[in-house]
Amino acid sequence: MALARVDRLTFSYPDASATTLRDVSLRLEPGERVVILGGSGSGKSTLLRALAGLVPHFHGGRFSGRVEVDGRDTRRARPADLAGTVACVFQDPEDQVVMTRVEAEVAFGLENLGTPPDAIAGLMRRALASVGADHLVERRTSELSGGELQRV
Amino acid sequence: MSPVPAAALLGALAAAALLADHSAPPAAIALVLLVVCLRAPVRRRWVYLAGALLASGSVLVLSPFLQSAGSHVLWSGPIVPVLGSLDVTREELVMAAMQASRLAAVSLAFTAYALLLDHDRLVQAAGFARRSTLVVALATRLLPTLERDAVGMLEALRGRGVAVSGVRGRATLVSPLLAGSLERGLNLAEAMEARGYGRPGGTRLPKPRRTALDGAALASAAVVVVVGALWL
């Protein structure tokens with residue numbers, strides 16, 4: 001089974017005159033690394049938002065076609081339900097930061113996914129170590145550089 | 001000290017300043033809070049301190065002219081339409097000092113909360129009102145973020161050869177800063193949803209254990225409010 005499947009996806013943002021994505025089809029297999037290239041405004045971020053369920057749930061708009069992630073139709077599964085399967089790093093990571101300290105910031109996602117409380121600290125440290133950011137654990141998120149924030 | 005007792009103590013000091021009937025206790029509370037706020041890094045504290053002191057200073061200077069109370073006239077000014085006579089009486093000065101010191105105490109309590117408390121642990125400790133606490137923590141973070149955005153915007157303008165100076169020049173930044181913060185709020189909401197916020201079955205990091213100092217701070221907070229209501 002494909003990890004993600006996009007089938008004839010067409011999407012326009014609310015009140016937009018132009019269509020952002022037109023008839024896009026894509027199949028992602030487990031273990032694959034895929035790069036999506038395109039000019040500014042060509043819909044790369046919108047496609048990623050569709051895979052995360054943020055399009056159409058968060059943004060609204062006109063959506064046709066079908067997007068499936070891990071066997072779930074994104075029109076039925078909300079972004080919060082897909083969290084844990086799909087993770088996004090947006091263009092400006094500073095806009096994604098919820099907490100003031102790195103430790104709590106990483107724990108925030110684990111808490112939302114229902115990780116057992118005693119396991120959160122260990123998983124948080126392991127996640128930071130996997131991206132070489134374990135030395136940042138005590139730091140304030142407002143003091144991190146752009147690159148450090150992306151890793152967090 | 002844990003952030004919850006610290007926040008309770010700061011709230012109690014602000015409440016005591018508001019409940020006091022004389023100007024000396026709020027002024028003393030404001031002074032204590034000012035000393036506490038000076039522990040924050042200079043780079044972060046100056047905006048908050050300048051705002052708190054400017055607001056309370058304005059109340060001290062302007063309110064005697066805007067109210068009409070008391071009979072011990074210290075200075076007689078002209079009669080201004082709408083405002084009436086611009087006399088300053090001893091009673092008006094006393095009231096102005098009290099209002100200014102109350103405002104200073106409340107704003108400095110907020111400054112200490114914003115600059116010195118660990119908001120993450122506050123959210124973590126919130127048992128029954130986690131969402132509201134998270135909203136307050138996010139709103140508190142908005143101030144330093146706005147400050148950083150303003151600095152970035154000033155740098156960008158200078159890089160394009162536009163000199164921004166004076167109050168009027170800086171006032172032109174307000175509109176783009178507000179628009180930017182609204183967009184930032186939307187992006188944050190989107191990111192929170194993508195990270196599973198609001199999904200049923202969420203858990204929390206275990207709360208840190210409460211120490212004797214925390215207990216003493218909570219008890220002191222209660223005492224401060226009672227003293228403020230009954231004796232100050």
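Helix α1 (residues 3-19) of chain B packs against helix α4 (residues 90-116) of chain B at an angle of about 170 degrees, and their axes are 8 Å apart. Axes here are lines fitted to C-alpha atoms, for helices over the stretch in contact, and angles run from 0 to 180 degrees between N-to-C directions. Helices are DSSP runs (H or I, at least four residues), numbered from the N terminus. α1(B) and α4(B) are therefore roughly antiparallel to each other, a label for angles over 145 degrees.

This is a predicted model: local features need pLDDT of at least 70, side-chain atom pairs count only at pLDDT 80 or more, and totals for chains, interfaces and linings use all residues. Residues are numbered from 1 along each chain as its sequence is written, while chains are lettered from A and ligands numbered from 1 in the order in which they are written.

Now the residues. From α1(B), the contact uses A7(B), L10(B), L13(B), A14(B), A17(B) and L18(B). From α4(B) come R102(B), A105(B), V106(B), A109(B), A112(B) and Y113(B). Residues are in contact if their C-beta atoms, placed from the backbone, lie within 7 Å. By class, the contact has eleven nonpolar, no polar and one charged residues. Ala, Val, Leu, Ile, Met, Phe, Trp, Tyr, Cys and Pro count as nonpolar, Asp, Glu, Lys and Arg as charged, and the others, Gly among them, as polar.

Chain B also meets chain A. There, 25 residues of chain B are in contact with 31 residues of chain A. α8(B) gives the most to that side of chain B, with eight residues. That side divides into eight nonpolar, eight polar and nine charged residues.

Definitions and conventions
Contact = placed C-beta atoms within 7 Å. Helix = DSSP H or I, 4+ residues; strand = E, 2+ residues; numbered from the N terminus. Parallel < 35°, antiparallel > 145°, perpendicular 65-115°, else oblique.
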